[in-house]
Amino acid sequence: MGMTDVLIVGAGPTGLVLACDLARRGAAVRIVDRSRVPPRTSRAKGPNARSLEILDDLGVAEEVLAAGSAPLPMLKYRDRLPVAETDPWADSAPSPDAPYDRGRLIAQWRLEEILRDRLAGYGVRVELGREVTGLAEGPGGRHVDVAFAEGRTERARYVVGCDGAHSSVRKLLGIGFEGTTAEDQVMVCGDVDLAEGALDRTRWHQWFDEGGAVMLCPIPGTRTGWWFQAGPERDGRGRPLAPTADGFRRLLARHTALPGPALTRAELLSTYRVNVRMADRFRAGRAFLAGDAAHVHAVAGGLGMNTGIQDAFNLGWKLGLMLAGRAGPELLDTYEEERLPVAARTLDLTSERLRATLEAIRRPGGGLDAAITPDTTGLGVGYRWSSLARGHAEARTARDGERPAPRPGDRAPDAPCVDAVTGARTRLHRVFAGPRTTVLGFGPGSAAVLREVAAAYGDAGVRTCRVYAAHEDRATSAPGEAVVDDEGHAAAAYGRGASDGTGTGTSTVVVVRPDHHLGLSAPAADARSVHAYLHRLHGAARSAERFSGIGGRRR
């Protein structure tokens with residue numbers, strides 16, 4: 001029986017991002033889905049700012065931006081008349097450390113199409129119509145035997161359940177999914193066509209009345225397609241009725257100034273109930289859960305798909321290093337250690353945003369903008385509590401007017417800079433892109449550490465990059481990449497302060513994990529800490545003696 005490195009169950013955005021990340025690392029990855037055709041789901045309205053950074057790292061952000069549209073202003077109505085317009089992003093703008101300040105509207109099926117195309121470029125295709133019916137850990141816990149509905153059994157080193165809220169993988173593992181379902185908080189959803197010109201497609205239209213609500217958001221890439229969300233019709237006992245095209249027309253006529261027949265088509269009809277549930281663990285031996293299989297929460301803030309994408313980006317590099325024989329098995333424990341608290345906080349955040357939204361829409365002019373806060377960009381999510389953020393030197397205290405330095409576990413800031421060799425404009429996130437750990441060196445004193453890192457780990461998935469200040473002498477070259485911080489944005493983002501290039505500024509080494517989170521920030525003189533951290537992620541150095549600053553000792 002052949003062995004797959006990782007079998008991914010579920011080919012939504014979470015599973016596809018994980019498959020792309022593993023495939024580009026050279027892992028033998030397979031991805032299966034019980035659907036016989038690619039699901040044409042569009043319930044998720046698109047990636048947030050942090051997910052766009054991940055999609056950029058995977059090389060598909062430009063295609064996603066082209067296929068989608070910017071978030072739209074929200075036009076709110078009462079008694080069928082417009083009463084307020086709000087652009088939740090009016091005061092937001094890209095910054096040097098975060099070039100994506102907002103998400104993108106794109107149908108989920110279109111995002112999945114883009115990711116499937118990227119995956120096919122690595123020679124991996126989604127295996128449709130394949131339902132997992134059994135999981136059994138092999139002798140000695142060295143693999144998982146996976147049984148399929150068609151009667152075949154296949155073997156994988158690891159299995160990841162990305163198969164949604166009703167996850168078969170989670171159920172087969174016997175992992176609890178505790179939480180609540182709010183039977184009274186119900187919404188009917190679907191994709192509809194409206195007669196051309198029926199509504200302005202540059203707005204997200206929202207009708208909120210005492211007796212119900214209708215929301216219509218244009219679907220990018222279509223001429224007449226809209227996302228339809230509404231409070232359901234109810235029977236004589238007040239129980240919600242199942243969604244139908246005719247029901248949508250009645251809701252349209254009741255709450256809006258549009259006649260029911262303006263709705264010409266309705267498909268992908270579904271009923272959404274507010275579920276707030278989380279798996280009690282995200283790992284059982286060689287099996288993992290990610291995305292909705294691990295956590296579901298209120299739709300407010302649009303964090304469902306995004307949290308799953310970020311689960312996948314956290315897990316992918318850890319599985320990759322394990323499969324490459326670099327890391328110890330304890331690295332895989334950090335997936336649950338880091339992502340379970342994030343999921344728990346997301347459940348709290350979305351529930352709070354739902355409460356705020358339900359309160360807002362009781363007043364004329366209130367709308368879904370109440371769900372949007374800086375938290376919903378995903379840019380502030382970090383792992384300061386993680387064991388992968390320990391053993392670091394304390395950050396320098398910020399001077400007046402400086403932002404505080406990011407701490408280990410935080411998202412690594414972006415910054416515009418210049419390639420020191422070609423003179424072309426680039427960004428730190430471009431330097432980080434691809435499946436490697438990055439070691440940044442700030443200040444002349446970092447050159448020696450970068451040389452040691454390159455010699456010891458250059459063939460083990462670690463890249464080095466010297467960040468020069470604008471007027472710094474570049475005679476003391478270091479191996480690997482080099483960029484010039486010509487506008488000082490990198491120094492500002494990493495709390496380095498101004499270095500005059502004479503060595504009086506602090507020389508610092510920053511280790512950036514493959515998922516763009518800081519692992520370590522240490523003075524350049526502390527080569528021991530840098531080596532110990534890289535050893536944790538990438539195993540023993542090729543030649544530990546090259547680390548002259550630590551006397552060749554290993555931890």
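Which residue forms a salt bridge with arginine 265? The partner is aspartate 193, and the closest N and O atoms of the pair are 2.8 Å apart. The model is a predicted one. A search of the whole structure finds 37 salt bridges and 2 cavities of 30 Å³ or more.

- Arginine 265 is partly exposed, at 28% relative accessible area, whereas aspartate 193 counts as buried at 15% relative accessibility.

- Arginine 411 and glutamate 53 form a salt bridge in which the closest N and O atoms are 2.7 Å apart.
- Glutamate 53 sits in helix α2 (residues 49-57), while arginine 411 is in the loop between α8 (330-360) and β17 (416-419), so this pair ties together parts that are 358 residues apart in sequence.
- Arginine 411 is buried, with 10% relative accessibility, and glutamate 53 is buried as well, with 3%.

**Salt bridge within one helix**

- Arginine 110 pairs with glutamate 113 in a salt bridge whose closest N and O atoms lie 3.0 Å apart.
- These residues are 3 apart in helix α4 (residues 108-120), which means that about one helical turn separates arginine 110 from glutamate 113.
- Arginine 110 is partly exposed at 22% relative accessibility, and glutamate 113 is partly exposed with a relative accessible area of 29%.

**Largest cavity**

- The largest cavity holds about 80 Å³ of space.
- It is lined by 13 residues, of which Arg50, Gln310, Arg339, Tyr383 and His517 are the closest to its centre.
- By class, the lining of the largest cavity comprises 5 nonpolar, 4 polar and 4 charged residues.

**Second largest cavity**

- About 40 Å³ of space lies in the second largest cavity.
- Residues lining the second largest cavity include Val188, Pro232, Glu233, Leu241 and Phe248.
- Helix α6 (residues 245-255) gives the largest share of this lining, 3 residues.
- The lining of the second largest cavity divides into 7 nonpolar, 2 polar and 1 charged residues.

Note on methods. Residues are numbered from 1 along each chain as its sequence is written. This is a predicted model: local features need pLDDT of at least 70, side-chain atom pairs count only at pLDDT 80 or more; totals for chains, interfaces and linings use all residues. Side-chain values use heavy atoms; hydrogens and water are left out. A salt bridge is a side-chain nitrogen of Lys or Arg within 4 Å of a carboxyl oxygen of Asp or Glu. Helices (H or I, at least four residues) and strands (E, at least two) are DSSP runs, numbered from the N terminus. Buried means under 20% relative accessible area, exposed over 50%, partly exposed in between (1.4 Å probe, protein chains only). On a 1 Å grid over the protein atoms alone, a cavity is a set of points where a 1.4 Å probe fits but cannot get out, and a pocket is an open set with protein on both sides within 12 Å along at least five of seven lines; lining residues have an atom within 4 Å of a point. Grid points are joined across faces, edges and corners, and a volume is the space filled by probe spheres set on the points. Ala, Val, Leu, Ile, Met, Phe, Trp, Tyr, Cys and Pro count as nonpolar, Asp, Glu, Lys and Arg as charged, and the others, Gly among them, as polar.
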